[in-house]
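Reader: I would like a close look at a single part of this model. Please take the charged pairs and the sheet beside them, and keep it brisk.

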Amino acid sequence: MNPGKLIVFTGPSGTGKGTILSQVLACEPQLRLSVSATTRQPREGEVNGVHYWFMSQAEFENKIEHDAFLEHACYVGNYYGTPEQPVNDQLAEGYDVILEIEVQGAMQIHKKRPDAIMVFVAPPSMEELSNRLHGRGTESAEKVAARLAQAETELSHQSQFDYVIVNDDLGEAIADLRAILRAERCRVVR
C-alpha cells in the first residue's frame with residue numbers, strides 16, 4: 001500500500017476553508033481531516049475532538065515542550081497546532097490527510113515536509129472578507145479588525161503555495177479542490 005498524501009489547506013480567516021472542506025470530505029472517502037488542537041474557546045456547536053482538541057494554554061505548552069506537534073502557531077492570541085502522530089498514522093494507512101491550518105503553521109509544514117501539497121484559499125476581495133467576518137457575529141469588532149489585519153499579511157504568502165483557490169463561488173472552489181486532489185493522486189513523481 002502506498003502512503004497517503006499530506007495536503008496543507010490554508011488561507012485567511014473567513015475565506016470559507018471549513019465550508020469547502022466539509023463538502024469535499026463528504027465525497028472523498030480517501031481523504032481524512034486532521035483535527036487540530038487550540039487554546040481558543042469553542043464556538044457554538046463545536047465538539048471537542050471533532051472540530052478541535054480544546055486545550056488549556058498550560059497543556060498546549062507542555063505538548064510543545066515534548067515536540068508532540070507537526071506544527072504550531074500563535075494566532076490572534078491563541079495557540080493552534082497539529083498533533084503529529086495521528087497524521088503519520090493515517091498517511092501510513094494510505095489515506096490522504098488534509099490539514100486546515102493557519103498560514104503561519106503552513107509555512108512550518110512547508111519547511112519540514114517539502115512533499116506536502118500546499119493549497120491557499122483567498123477571498124475575492126478584502127471588502128468581501130470583511131463582510132464575511134462581520135457576518136459571522138461570533139467575535140468582537142476588535143477581534144474582526146485583528147483578523148483583517150492578519151489577512152493582509154497572510155495574503156502576501158500566496159506565491160509560496162502550489163495552488164491558490166479564490167473562493168468567489170463556493171461550487172467552483174469545491175470543484176477546484178477536488179481537481180487538485182485528483183491531479184495529485186495521478187502524479188507519478190513528486
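Is glutamate 28 buried or exposed, and what is its relative accessible area?

Author: This is a predicted model. Glutamate 28 is buried, with a relative accessible area of 8%. The cut-off for buried is under 20%. Its side chain meets that of arginine 178 in a salt bridge, at 2.9 Å from N to O. Glutamate 28 sits in the loop between helix H1 (17–27) and E2, while arginine 178 belongs to helix H7, so the pair ties together parts that are 150 residues apart in sequence. Arginine 178 is partly exposed, at 35% relative accessibility.

Now take the next pair. Arginine 185 forms a salt bridge with aspartate 96, and their closest N and O atoms are 2.7 Å apart. This pair also links distant parts of the chain. Arginine 185 lies in helix H7 and aspartate 96 in strand E7, 89 residues apart. Aspartate 96 counts as buried, at 2% relative accessibility. Arginine 185 counts as partly exposed, at 29%.

A further salt bridge joins the side chains of arginine 187 and glutamate 184, at 3.0 Å from N to O. Glutamate 184 is buried, with 1% relative accessibility. Arginine 187 is partly exposed, with a relative accessible area of 37%. Salt bridges with shared partners join Glu28, Asp96, Arg178 and Arg185 into one network. Over the whole structure, a search finds seven salt bridges. In general, side chains of opposite charge can pair when their charged atoms come close.

Next, the sheet. The sheet is open and has five strands. Their order is E2-E7-E1-E8-E9, with parallel pairing. Strand E2 (31–33) and strand E9 (163–166) are the edge strands, and each pairs on one side only. From one strand to the next, the twist averages 25°. E2 pairs with strand E7 (residues 96–100) in the parallel sense, over three bridges. Within this pairing, leucine 33 has isoleucine 98 of E7 as its bridge partner. Helix H7 (residues 170–186) packs on the sheet. Helix H7 touches strand E1 (6–10), E2, E7, strand E8 (117–122) and E9. The direction of helix H7 makes about 160° with that of E9.

Technical notes: Residues are numbered from 1 along each chain as its sequence is written. This is a predicted model: local features need pLDDT of at least 70, side-chain atom pairs count only at pLDDT 80 or more; totals for chains, interfaces and linings use all residues. Side-chain values use heavy atoms; hydrogens and water are left out. Two strands pair if DSSP finds at least two bridges between them. Helices (H or I, at least four residues) and strands (E, at least two) are DSSP runs, numbered from the N terminus. Axes are lines fitted to C-alpha atoms, for helices over the stretch in contact, and angles run from 0 to 180 degrees between N-to-C directions. Contact means heavy atoms within 4.5 Å. A salt bridge is a side-chain nitrogen of Lys or Arg within 4 Å of a carboxyl oxygen of Asp or Glu. Buried means under 20% relative accessible area, exposed over 50%, partly exposed in between (1.4 Å probe, protein chains only).
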